[in-house]
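Here is my note on the two-chain model, point by point. Please read it with the structure open.

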Amino acid sequence: MKNHLLNVVVLVGIVTAATLALLKNIPLAPVQASAEGAVTDWLFGLHINVIAFLFALIMVFMLYSVFVFRREPGSLETGEYFHGNTPLEIVWTIAPLITVLYFGYLGAVTLKDITSPGQNELVVNVTGSQWAWKFEYPDSGLTSNTLVLPVGRTVKLEMTSLDVIHSFWVPEFRVKQDLLPGVTKTLRVTPTLPGEYKLRCAEICGRDHAYMVAPVQVLSASAYEAWVNSQVSEAQAAESAPPAERGKTLAQVQGCLACHSADGSPGNGPTWAGLYGEEITLADGTTVTADDAYLKTAIVDPGAQIAEGFPNIMPPTYGDVLSEEQIADIIAYIKSLNE
Amino acid sequence: MKTFFSLGLIRGIVSQLIVTAIGMGITVAVRVAMGLPAWKAEPAAVVGALLGAIGFMFGVGALTDWLKWMKGEETPMRHGPPKDKPAWTRYFTVDYNHKIIGVQYTVTGIALIGIAGSLAMIFRLELSAPGLQFLTADTYNTFMSAHGIVMIGGILLGVAGAMNYLVPLMIGASDMAFPRLNAFGFWVTVPAALLIVSGMVFGGWDTGWTGYPPLSARAPLGIQLFFLGVYFIGLSSILGALNLLVTVARMRAPGMTLFRMPIFVWASVATSLIALTATQLIALSFLMVLVQRLLGMGFFDPNLTPEAVAMGAPPGNPLLFQHLFWFYSHPAVYVFILPGLGIISELLPVFARKPLFGYKWIAMSSLTIALVGFLVWAHHMFTAGMEEYLRLPFSYTTLLVAVPTGVKFFSWVATLWKGRISLETPMLFVLGAISVFLIGGLTGPPNGTVTTDLQLHDTYWIVGHFHATMFGGFVFPFFAAIYYWYPKVTGRMFSETLGKLHFWLMTPSFWVMSLVQQQIGLMGMRRRIADYDPALGIQAQQVAITIAGYIIFASVLVMIYNLVYSYRHGKIAVANPWNSRSPEFQIPSPIPEHSYEQPFLVTGEPYDYGLEGSVYISIKPDIANAPVAAK
């Protein structure tokens, strides 16, 4: 008995070490780019240690028994007769209990770490919709389709959805938060590594869920300043631009073009190319001319007059999001696509 | 031909089609009477599908006896194969014998698992390269969603099959407590499965099996058929659980005290407690979305219509759905795995020739998992945006599940320790189950601590994790059970060679599939996406998962061939091919119509392998002279 136990103990040690060596040498995460990520990766590493040990413990005991305590099929030999061992059962109830409670405690402490407010937080409003992302910077009044963040400063993301549930996930940041319609949810990230990443929607949100991706740029503090300044002056320049130009920019940042193409290619909504002034057949069989009045209705109350062959999926919230002038700009842009 | 049309199944389907058409007609008539446009697809489909499923139950004859009772007519219990028809027709017709119903459940379950697996084969091929090859985003979403729910249906039927067949035999009951209810429970799953599969054809749906609103509230029409199908399968699950609990409580053989029951019976009780009390919640959550779509009841709709706002109605809450849904759907995974873990515990002593280590601890761990399982549902919602203070308590309860699960693992290896182990096909699958369930179990705690879950949630890590728990906790043990009890069901032996081939194809492939899924999840692969970013650098892994998946699929085809071929050509089975002490192995193979000629008497412990002169049951006891305690 002593011999078998000793063999197994040695083997468990070896297999634990081998499993750990293997796990530490295969990539188990993309590059870590946030302060929160450091905490998460530390806790995950601790989990991996326990996983490697328990894996070795069970597999070695099982495979050792299978190889050493073997019997030919059909033989009537019997094993050693014992029913159980209460002290042993108590040990393997209490020891895991203590371990999981300890992990629960670590989970609580680390969760506090990664959710506490930072100093001088940068607020970014994130809006998800089928299937586009939009980022607004209340400080500077900017709106962007790229999430641009300065390194080393905690970002407070105030997130909401216009339609169904989406989820904010940048794998390099190691945190995730769903976006719900009708409410605002907060997520904090402190980027630590300048670079280009991707925001990927992690909650299934319908047909083009796989493609609900937005670029993320983490810049040095000075580069971020420069970006803000250039965007602000671009926005100022855009204000004096002709309405159709302004409408084009709006259509990009508001995500309109994710569903409505400007070049006639098919999408989830009718293309805008050549749309203005056309006779449109609606889902109920009636027809309507795509004039200013129709287009405005289609933007603020999209469910009212659905074009035939298209799903009724456009968020009904653009009346609140866009001003009268902005709607007029977008219509001017649609008009310009006929030329 | 006459035989064909006398089959209950065919009558049921024909009746379902006719009544569905009538239901649609009624909808049109009501709409016309209300002055609405006559045709609208969704109400017609929902009313038609609902009535059609009831029509199936009339047509198949599952309600016949109850209708006769209403009229005061006698309905004597039918036994044995039908007198004027071939014996095989019983399997396609309402039959009250629990062994027939067990086979009906099991075979239907395997068929559903086969359909769901075929869907996976289609989209796994699609995923073996980035970009969309031959599926569209819509077809991918429908196949992926249907794969999930059809698998779940198949697993529930497989679980019901094993419990129906085995539990009455193991406790020495002549049948289940309510045979007609038992038949009803099986047959209602057939129209349910037809509804779910037809949902794929009539519009499909794009929500995954979880059907979260608001997405499900705006999904294509197919989702309504999916909701109704799940509703009826849930009904079957509730009725089956009720029946099983009554059977175990009331119909045990003399001397079969609770702690002398075969351990699988304990697992079945734990599973049935969950199924009886939690299934209502998924039915409710789906029903609420169904009527939200159909009647505009905005339970989960945050965007109210102007009319509703004017009336002062509060907005709906999408998170409410997730709470209701997971209150069942988390415990549901224990419904799937507890019977499987019971099968592992049941078979290990037989092939290790040694008592089950810590019988009472294993029995209690099943109950503990079932009870703790009710308190962990919100760990599916750590990123969902529920109140933040709720995350930690659910993190602790989730981690607690590891304790009773650990007791099972430790008891299993202690059962093997110093045994005399032989490796026939059922035992191979038991060992495979332990190894695979170990992967699934060990990858659980990182999802239980909130910090790490914020990274892991909704990734392929989770996909790898739950496929390992489902394969280790259900698929491998279910296959072990099929091989182990096949001789008792058919009276023939299966081919050991093909059984071993099945095992050695499936097990390494599954390890590869699950571990690689987890790795690409950690690298940034999300769940439920039709296409992935080549920049993730996971192309080779995707190919590996696809190949492994195909080998698993092929290995299951080997099993099906083995089972079908051996049914006619296998070696004639002896009564007790594995030298088991379990009661069902003390009677001939195949098991006679009335399993035991008379109630047996329990005189010893179930798993006393290696104890000289001990017997578990005496099959022809002299009841009159039995010890008083045993009566």
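1. A salt bridge here is a side-chain nitrogen of Lys or Arg within 4 Å of a carboxyl oxygen of Asp or Glu. Glu42(B) and Arg293(B) meet that rule, with their closest N and O atoms 2.9 Å apart. Keep in mind that this is a predicted model. Over all chains the rule gives 17 salt bridges.

2. Next, the overall form of chain B. Chain B holds 21 helices and 2 strands. Its C-alpha atoms fill a box of roughly 80 × 65 × 45 Å along the principal axes.

3. Chain A reads otherwise. Chain A has 8 helices and 12 strands. A compact globule of 339 residues would have a radius of gyration near 20 Å, but chain A comes out at 29 Å. The C-alpha trace of chain A spans about 90 × 55 × 30 Å along its principal axes.

4. Now the domains of chain B. Domain 1 covers 1-75, and domain 2 covers 96-302 + 315-626. The contact between them draws 20 residues from domain 1 of chain B and 18 residues from domain 2 of chain B. Taken over C-alpha atoms, the centres of the two domains are 31 Å apart.

5. How much area do domain 1 of chain B and domain 2 of chain B bury between them? The figure is about 1,700 Å², with 79% of it on carbon and sulfur atoms. The rule finds 2 salt bridges across this interface. It also finds 5 residue pairs in polar contact there, both residues at pLDDT 80 or more.

6. Which elements of domain 1 of chain B give two or more residues to the side that touches domain 2 of chain B? They are helix 2 (8-33), helix 3 (41-60) and helix 4 (64-70) of chain B. Helix 3 of chain B supplies the largest share, 11 residues. By class, this side of domain 1 of chain B divides into 16 nonpolar, 2 polar and 2 charged residues.

7. The chain-to-chain interface comes next. The size of an interface is often given as the accessible area lost when the parts come together. Chain B and chain A bury about 8,200 Å² between them, 67% of it on carbon and sulfur atoms. In chain B, Trp417(B), Lys418(B) and Arg526(B) lose the most area to chain A. Together these three account for 10% of what that side buries. In residues, 92 of chain B are in contact with 91 of chain A.

8. What polar pairing does the rule find across the interface of chain B and chain A? There are 35 residue pairs in polar contact, both at pLDDT 80 or more. Helix 15 of chain B gives the most, with 9 residues. By class, this side of chain B has 52 nonpolar, 23 polar and 17 charged residues.9. Side chains of opposite charge can pair when their charged atoms come close. The rule finds 4 salt bridges across the interface of chain B and chain A. One of these joins Asp533(B) and Lys198(A), at 2.6 Å from N to O. Asp533(B) sits in the loop between helix 20 and helix 21 (539-569) of chain B, and Lys198(A) is in strand 9 (residues 195-200) of chain A.

9. Last, the backbone. Most residues other than glycine have a negative phi, and most peptide bonds are trans. Three sites deserve a look against that background. A cis peptide bond joins Gln130(A) and Trp131(A), with omega about -5°. Trp131(A) lies in the loop between strand 1 (122-129) and strand 2 (132-137) of chain A. The bond from Ser589(B) to Pro590(B) is also cis, with omega near -15°. Pro590(B) is in the loop between helix 21 and strand 1 (601-602) of chain B. Arg174(A) is not a glycine, yet has a positive phi of about 70°. Its place is the loop between strand 6 (166-169) and strand 7 (176-179) of chain A.

Key
Residues are numbered from 1 along each chain as its sequence is written. Chains are lettered from A and ligands numbered from 1 in the order in which they are written. Side-chain values use heavy atoms; hydrogens and water are left out. Domain bounds come from an automatic or database domain assignment. Contact means heavy atoms within 4.5 Å. Buried area is the accessible area (1.4 Å probe) that two parts lose on being put together, summed over both. A polar contact is a pair of N or O atoms within 3.5 Å; within protein, one must be able to donate a hydrogen and the other to accept it, and residues adjacent in sequence count only if both atoms are side-chain atoms. Helices (H or I, at least four residues) and strands (E, at least two) are DSSP runs, numbered from the N terminus. Ala, Val, Leu, Ile, Met, Phe, Trp, Tyr, Cys and Pro count as nonpolar, Asp, Glu, Lys and Arg as charged, and the others, Gly among them, as polar. The radius of gyration is taken over C-alpha atoms; the globule rule is 2.2 Å times the number of residues to the power 0.38.
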